[in-house]
Amino acid sequence: MARITLDHIRHAYGPNPSSEKDYALREVDHEWEDGGAYALLGPSGCGKTTLLNIISGLLHPSHGRILFGGKDVTDLSTQERNIAQVFQFPVIYDTMTVYDNLAFPLRNRNVPEAEVDRRVRDMLEIIDLADWSNRKAQRLTADQKQKISLGRGLVRNDVNAILFDEPLTVIDPHMKWVLRSQLKRLHKQFGFTMVYVTHDQTEALTFADKVVVMFEGEIVQIGTPAELFERPRHTFVGYFIGSPGMNVLPARLEGSNAHVGAQAVALDHAPDVKAGDRIEIGIRPEFIRIGREGMPVRISRVEDIGRHRIVRAEFEGQPIAIVSAEGEDIPAEARISFDPSAVNIYANSWRIGAKV
Amino acid sequence: MLELRNAAKLVGGDYHIHPTSLSLSRGSLNVLLGPTLSGKTSLMRLMAGLDRPTSGSVVFDGVDVTGMPVQKRNVAMVYQQFINYSAFTVYENIASPMRIAGKDSATIDREVRKAAELMRLTPYLDRTPLNLSGGQQQRTALARALVKNASLVLMDEPLANLDYKLREELRAELPKIFALSGAIFVYATTEPHEALLLGGNTATLREGRITQFGPTIEVYRKPGDLATAKTFADPPLNSLGVIKANGTFRHSGSGDMPVPAHLAHIADGPVTIAFHPHHLALAPQTPNAPRLRARIQIAEITGSESFVHLDFGGARWIMLAPGIHDIDPDTQVDIFLDSRHLMAFREDGAAISTQMAA
Amino acid sequence: MEKTWNNKAWFLVTPVLLLVAFSAVIPLMTVVNYSVQDTFGNNEFFWAGTDWFVQMLHSSRFWDALVRNLIFSFVILLIEIPLGIFIALNMPKHGIGVPVCLVLMALPLLIPWNVVGTIWQVFGRVDIGLLGHALEAIGIDYNYVRNPSDAWATVILMDVWHWTSLVVLLCYAGLVSIPDAYYQAAKIDGASRWAVFRYIQLPKMKRVLLIAVLLRFMDSFMIYTEPFVVTGGGPGNSTTFLSIDLVKMAIGQFDLGPAAAMSIIYFLIILLMSWVFYTVMTSSDADA
């Protein structure tokens, strides 16, 4: 296992990038800890797969260096980097048995057969395919095939990092819960450095210690799931994480009050803004209380999704989403109040802290 | 109205669809919810007329259409893959069903622009589908299905290949679009969450059988059997086989818990109790919520909540607890069950009706 | 899978059925008719029963030709299939090279059989042909008109030149359908070049290879035009394959009865061999 250093990496697919727009990946300069579980999260085209391919060695970055445990591997091939990778769609060797599929990466590296047997059998238990070990891989279901792909990625214990490229895309919702928690358990147990690419926030947040949110070729925020949820650095992070995403409302600031239309929202701090900044406040639907007290809203729709309801409403001419717990009363003349500690202030889309 | 009357599909001796009766009314949104290979696509193919049922019939507005080829029915379909004519512009793609129907160009132009506006495709009308994002491509396919003015619109996991956030946006738009059209919509998905967000009616499928059909939220709240309850749960449903004896549910691996009032009437003997992950918590929800002891498997943090995977006397449970609880694996913890929401099922899986305290 | 009943389908397939009837079934029946009768022309027929079949199966001429056919098919499969795979593996997968290679590969396939024969007939001639003359010049005694082994070598070389492209194109189609992720995964798993071929490329090419082997077997077993043009079946009978023999018998000697019996035996052999090939090659699919 190794620490991964991304040293001023930039990448353009075209030959002569002239402007920032030509870069699929703009300036990534970070260090990822040994044994960390990182998720790269973002919409398609945000550069997350490009970054993953640079780490795995399938792509050579246009600029910058990549280091594993302090050793420069920029010019090394995928094989030489000694990593494992699991792809979006199952990659299995059709003609081999399940057992041989798992043994393949070990045998290719001349691991003694007794050791191969021990590790393959362990892995078969973990991915719950022990009863299938002598079956040809070709006939299995997509779930099972993807489990083999996962197993092949995890069977080696000498890798620098294990990379996952949206590995649960083809898996049914129930099986996702099982596989994801198994992955997480394995991570806790063995401390692999893992990098997991996904567009699905639930997968990213639940899997990773640190989530790397990417947007238009840049990393907008790296943080723990709680940080991303409670303190999104950029309105994009607020929108992208959370379902529904954060409500972002244009506002004016006066001391430690924010004015949205005719309403004043109390803040727990006085934000440090400059004149001329475009100010917005961000509040998560989960932190808005709906009831008979507070500011008036006009409810347009209530979606009952079982464990809670999503109230779609209009607040001072702006659409707003509110999460209301199961069984909570929603009055016809509804009023809302914001939890002051959960209100974030954004100037030109970037979060600003308190005045010092 | 579309009716399936005992329609079944037998392939090589196996029922892909067991005899099914179902009626869908005009202007309704119907979700087919079930895991992969549960028969959603097979059922849609029967509805569309792409396959002929082995037995039973398909009746549309009182007319038996069993065996009538799909070309002669007024059906539109949208698939998981983005299927568009790649050589045509978005405009021509949307216009294509009307061109086939021989509509005049003024009507076509009006309808195309209306559908494009609805699907927010107006700026892209002159582009070809390959120059669009996945979401735009799928919106083009949806627009084409809409302008066809079909009486039956079938959608087979139409959002599955889109990004999470895009799905969320389209999912919010779809019910509004459905409401404007008078067609029967059938929407297949594997995700319970998606069914709940779409609303309408839901039919849960398992192994080629419809286990329940009714208004979505009712099917979710009052599943008729354990299979339906499990299909309609994400995160997965927690369940436990227990023996009811007097006022307690006994479980060999973990001890007893009191029977809540709404289940007090059921007869003593074996039952399966089940509940959703958000009805477990680390703190008591009500003063007399039963306290249980479980071992932590792994904790997953998601924003402001935690999914805690538990081992409860051998049963694998998930707790969705508010707040951040990064508890180490193999720790023993006290958990509390909001037993007001407990469901009970007989040994054969049928739900036992509850006596709700009003 | 059972589809919705559609009467239109019958209208669409009827022309094909009629065409097949006229082009295959009716001639076949004529041949069957000839094979059980004796005729001297002028429309007089005598019932011969199985005589012609017995005669054919006892003639060394028939067995010699059959053995020649089998050896020929065996040799060209042994050369063309591996060579085809090898070329397909080494063809570019991206860029400008792809269309160039594809066109080059397709060229031999576009030339009519008899022209191929003529090309090689001239090409191999010792007096004016490029190949024959060159071989002669470097001191190799080569003459396909006189020497049976030279005749064989020429016919095989010609067939390889003409038909390896087909194998290449089929294999290439199989290869390009393999997603990149497979190659990437193999790299990450540390697979050798051989392992990539054995466990990824070969399994993915299996279906097209089956088609290639079947087509090449049937075609080579029925070879007629090229050896007829180049060697005329000689020297002696050394390149007289079944089809050439058949024509000699039917047209040259006007032995219609025996020729018809031979055609039927020939037809049954091809049918049987194709079936055997197909069963053997698809049987490995059924296990697991």
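This is a predicted model: local features need pLDDT of at least 70, side-chain atom pairs count only at pLDDT 80 or more; totals for chains, interfaces and linings use all residues.
View 1. Chain A is split into domain 1, residues 4-235, and domain 2, residues 245-352. Their C-alpha centres are 37 Å apart. Where the two domains meet, domain 1 of chain A supplies five residues and domain 2 of chain A supplies nine residues. On the domain 1 side of this contact in chain A, one residue is nonpolar, two are polar and two are charged.

**View 2. The two domains of chain B.** In chain B, domain 1 runs over residues 2-231 and domain 2 over residues 238-345. The centres of these two domains of chain B, taken over C-alpha atoms, are separated by 38 Å.

**View 3. The annotated span of chain B.** An unreviewed UniProt entry carries the annotation "domain: ABC transporter" for residues 2-232 of chain B. Helix makes up 37% of residues 2-232 of chain B and strand 27%.

**View 4. The contact between chain A and chain B.** Here 30 residues of chain A are in contact with 33 residues of chain B. On the chain A side, the elements that give two or more residues are the helices α6 (173-190), α7 (201-207) and α8 (225-230), together with the strand β18 (298-304). Of the elements on this side, α6(A) gives the most, with seven residues. By class, the chain A residues that touch chain B comprise ten nonpolar, ten polar and ten charged.

Definitions and conventions: Residues are numbered from 1 along each chain as its sequence is written. Chains are lettered from A and ligands numbered from 1 in the order in which they are written. Domain bounds come from an automatic or database domain assignment. Two residues are in contact if their C-beta atoms, placed from the backbone, lie within 7 Å. Helices (H or I, at least four residues) and strands (E, at least two) are DSSP runs, numbered from the N terminus. Ala, Val, Leu, Ile, Met, Phe, Trp, Tyr, Cys and Pro count as nonpolar, Asp, Glu, Lys and Arg as charged, and the others, Gly among them, as polar. UniProt positions are given in the numbering used here, feature names are shortened, and annotations may be inferred rather than shown by experiment.
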